[in-house]
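User: I would like to go through this model with you, one region at a time. Please begin with a strand.

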Amino acid sequence: MQQMRDFKDFTLITPEGRITVAAHGGRAKCLQRLVRLGVPVPRTVALSFDEVLRIAEGHRPDTARLLAAFGRAPLVSVRPSSGDPDWGGPGAVLNIGMCDARADSLAETLGREAADALYLRFVMAYAEDVAHLDPEPFEQAAELGGGEAVRAALAAYEDETEQPFPQDPARQLAEVLRSMARAWETTSARLLRQARGAPADAGLGLVVQAMALGMGPGESGSGVIRMVDVVTGQRQVSGRYLRQSMGRDALGRSEEAIYLAQDERGPSLESEQPGIFDQLTEIAERCRARLREEMEIEFTVVDGALSVIDAVRVPRSARADVRIAVTLAEEGIITPDDAVLRVPPRALTELLHPQVDPAAPRDVLLKGMAASPGAAVGKLVFSSEAAQTAASQGEPCILARRETTPEDIRGMHAANAVITERGGMTSHAAVIARGLGLPAIVGATGLRLDPRRRRAITASGRVLSEGDVVTVDGSTGEALKGAAPMLEPGLDGPFRKLLAWADARRDIGVRANADTPADARMAQDFAAEGIGLCRTEHMFFEPARLTVMREMIFTDNSTDRAAALERLLPMQRADFVELFEIMAGKPVCIRLFDPPLHEFLPSDREGLRGLAEALDLPLSDVTHRVEALSEFNPMLGLRGVRLGVTLPEIYDMQARAIFEATVEASRRAGAAVVPEIMIPLVSAKREVELVRGRIDSVAVAVKTETGQEFDYRLGVMVETPRAALRSGEIAQHSAFLSFGTNDLTQMTYGLSRDDAGRFMGTYVSQEVFPEDPFHTLDRDGVGELLLLGAERGRRTRPDVVLSVCGEHGGDPDTIAFCREAGFDYVSCSPFRVPIARLAAAHLALRARESVGAGAADDGLED
């Protein structure tokens with residue numbers, strides 16, 4: 001057999017061979033590590049990224065020389081070897097070298113039937129994957145069986161290509177290498193791997209390996225072994241073994257395969273071939289300890305002799321990923337730092353919510369944007385009132401709306417999930433659903449709702465009626481027919497231990513956006529360091545409060561307005577006391593009233609009539625008042641601090657409620673509570689001066705009335721470009737600047753976040769924007785405003801606290817930006833807090849370079 005070591009284009013995989021992940025890919029490097037561990041691996045040759053690229057560009061490799069490394073009658077396979085197995089690649093091709101002569105030779109040792117099966121398998125794979133022929137004629141040929149099937153397949157190949165099936169192994173191999181190399185370079189393959197995180201110039205290596213045929217006399221077969229459960233991560237032997245087979249046949253023909261470990265459900269390799277089983281499990285444990293990872297090992301047995309064909313990282317669910325990382329760290333195989341870095345932050349989403357069982361069948365009714373993760377089953381309803389009725393009867397429901405408004409808050413609280421016909425990732429429905437932890441699909445493609453007839457029509461024409469049971473998968477953006485099987489959240493010991501390790505390593509704070517006591521408890525459960533944004537307007541949508549709120553809106557003077565607000569004061573005070581008690585000394589940042597008043601008023605005729613009855617006013621008066629409050633662009637109109645300046649009684653009431661709650665909560669806790677009060681939508685220093693003057697006056701009055709001293713911190717929510725640009729003078733009166741990136745993005749781009757979903761997909765696909773700026777922070781535009789605001793604010797006031805409190809606060813890329821910019825904390829919806837905690841730890845560990853190459857290296861000499 002010709003010796004081959006380190007040719008420029010081919011490298012024999014030996015313990016000393018110059019194989020690297022950067023040049024040859026992860027599979028080639030892993031096979032070398034197996035060889036170094038003494039694992040029986042068939043002879044293997046690696047082709048580098050550069051060589052595969054040359055082949056894709058038209059270079060003809062010297063395959064005759066390559067095959068000479070495998071003996072006189074070579075039979076080989078080719079597998080892809082990319083930098084990361086998650087990036088995918090072309091499928092493996094087995095049995096290269098099969099031809100008429102080789103089939104006759106194998107018939108003498110394996111028998112005619114086995115030889116014909118091998119030959120037929122190769123012809124079919126070559127025709128479909130290499131020659132790219134229609135598979136149907138070959139599938140029809142295969143139905144004939146035996147030698148007749150082979151002859152029919154060879155004839156079909158000649159009919160399709162007008163030339164006989166290649167009999168030269170070197171030519172076969174050259175065509176396989178060329179096909180796989182070019183498949184990697186196609187536009188669709190490039191887009192797919194880039195979507196999985198691969199760089200645009202990611203290379204592909206190939207490994208050519210001698211076939212170990214699990215067919216023939218004695219104990220022969222193939223299988224796959226794992227030492228963990230791929231869903232739970234629990235330690236257990238799993239996989240299958242199939243006699244007289246090769247590759248991964250055991251997984252595809254599970255009804256014929258046997259178990260590996262002893263199992264009451266059927267025969268096993270352990271009971272029938274204990275020696276092979278013991279050798280196999282010893283190799284698996286050796287790989288786990290030395291490669292420092294749970295591996296899926298593909299093996300072949302040839303007449304009782306075991307060979308390991310391949311070993312890859314066990315594919316796993318997110319919950320298994322967490323348990324595996326923590327278990328390996330607890331056993332000292334990896335460090336806690338390694339464990340933290342091995343779990344992608346976004347993968348935690350799967351653990352925080354119920355999920356549709358990935359093994360379950362899916363009858364997809366509609367698809368939209370996956371706006372809020374998790375899954376839920378319920379009966380379809382088309383109004384908030386119907387959702388509340390269903391909840392009162394103990395029936396889970398799915399609320400479907402064209403789009404949601406603040407009036408739908410109670411319905412969303414009652415529902416198990418939300419679907420909207422319109423909207424984007426930062427629409428009202430998406431933001432509120434993420435805050436509530438509700439699965440949500442927004443911008444459902446082609447969905448047409450008909451609330452009057454209580455039905456919806458999907459893009460495919462299927463009609464959904466109120467009461468139909470559907471499953472919402474907010475993680476994929478799909479709604480499924482019926483009740484799909486579910487997996488429960490995985491907030492177990494490994495999850496909490498991993499995040500405790502992450503907290504010990506991160507260097508930026510993580511708070512939660514929490515509007516209600518329920519949100520605050522959730523924030524505590526997820527170990528948020530406080531509340532970074534409490535939107536007080538959400539407290540006013542309870543039925544009793546909404547009526548009082550509407551009475552206040554209909555008042556004509558300051559005295560009547562103050563009297564109406566006086567009725568809301570004890571309700572607000574009780575809310576804040578409960579928030580302070582739940583957070584138990586952690587900071588609570590309360591944003592003063594922000595939305596335009598018209599959001600609290602009905603818009604339809606029925607709602608106006610009900611309001612007129614409740615207020616004992618003529619319907620015409622109510623209608624005229626509602627029309628008078630309407631604005632051409634309400635999100636840029638009378639809202640936020642502008643309400644505080646023009647209708648100061650609202651902020652006076654809220655400030656008093658906060659301060660009285662501070663006194664009460666401090667008394668109950670026996671320790672001082674220091675509230676943070678945030679003024680929204682500021683654009684000028686004078687606005688802050690006016691509001692601050694009144695808040696300070698309220699504080700003095702409460703201190704005098706109660707005889708109690710207390711501290712508080714007043715800051716600004718930076719949501720307008722002008723506030724960011726003038727943050728130097730605004731910071732003179734602010735203890736903190738919290739950047740509300742939802743509105744700041746909207747105003748910087750001139751985009752409606754509720755409507756951008758209609759065209760954002762086109763803009764991203766045509767590279768107008770690299771990403772949806774409402775989903776991932778725009779570093780170049782909005783990011784520059786954040787940097788300017790931070791720099792100018794700290795120049796005026798070095799101790800000013802900086803934070804981001806928009807939905808971007810839970811995005812790992814945004815956290816990286818904030819950390820680089822020196823921000824003190826980020827704040828996000830409670831269900832994104834664990835993701836933010838882990839992402840912050842990743843950033844800190846990488847910045848400190850404390851892990852080095854540990855997570856990627858096996859400790860063996862290179």
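Analyst: Buried means under 20% relative accessible area, exposed over 50% and partly exposed in between, with a 1.4 Å probe and protein chains only. This is a predicted model, in which local features need pLDDT of at least 70 and side-chain atom pairs count only at pLDDT 80 or more, while totals for chains, interfaces and linings use all residues. Residues are numbered from 1 along each chain as its sequence is written, and side-chain values use heavy atoms, with hydrogens and water left out.

User: How many residues of β5 are buried?

Analyst: Seven of the seven residues in β5 (residues 204-210) are buried. Helices (H or I, at least four residues) and strands (E, at least two) are DSSP runs numbered from the N terminus.

User: Does β2 run parallel or antiparallel to β5?

Analyst: Strand β2 (residues 44-47) runs antiparallel to β5, and four bridges join them; two strands pair if DSSP finds at least two bridges between them. Leu 47 has Leu 206 as its bridge partner in β5.

User: And over how many bridges do β3 and β5 pair?

Analyst: Strand β3 (residues 76-82) pairs with β5 over seven bridges, in the antiparallel sense. Opposite Leu 204 in β5 stands Ser 82.

User: Changing topic: which strands form the closed barrel?

Analyst: The closed barrel has eight strands in the order β24-β25-β26-β27-β28-β29-β30-β31, with parallel pairing. Within it, β26 (residues 588-591) and β27 (residues 676-679) are joined by three bridges, and Ile 590 has Ile 677 as its bridge partner in β27.

User: At what angle do α27 and α28 cross?

Analyst: Helix α27 (residues 648-669) and helix α28 (residues 685-706) cross at roughly 40°, with their axes coming within 9 Å. Axes are lines fitted to C-alpha atoms, for helices over the stretch in contact, and angles run from 0 to 180 degrees between N-to-C directions. That makes α27 oblique to α28; angles under 35 degrees count as roughly parallel, over 145 as roughly antiparallel, 65 to 115 as roughly perpendicular and the rest as oblique.

User: Which residues are buried in α2?

Analyst: They are Ala 28, Lys 29, Cys 30, Leu 31, Gln 32, Arg 33, Leu 34 and Arg 36. Eight of the eleven residues of α2 (residues 26-36) are buried, so this helix is largely enclosed by the rest of the structure. Just after α2, Gly 38 has a positive phi of about 80°.
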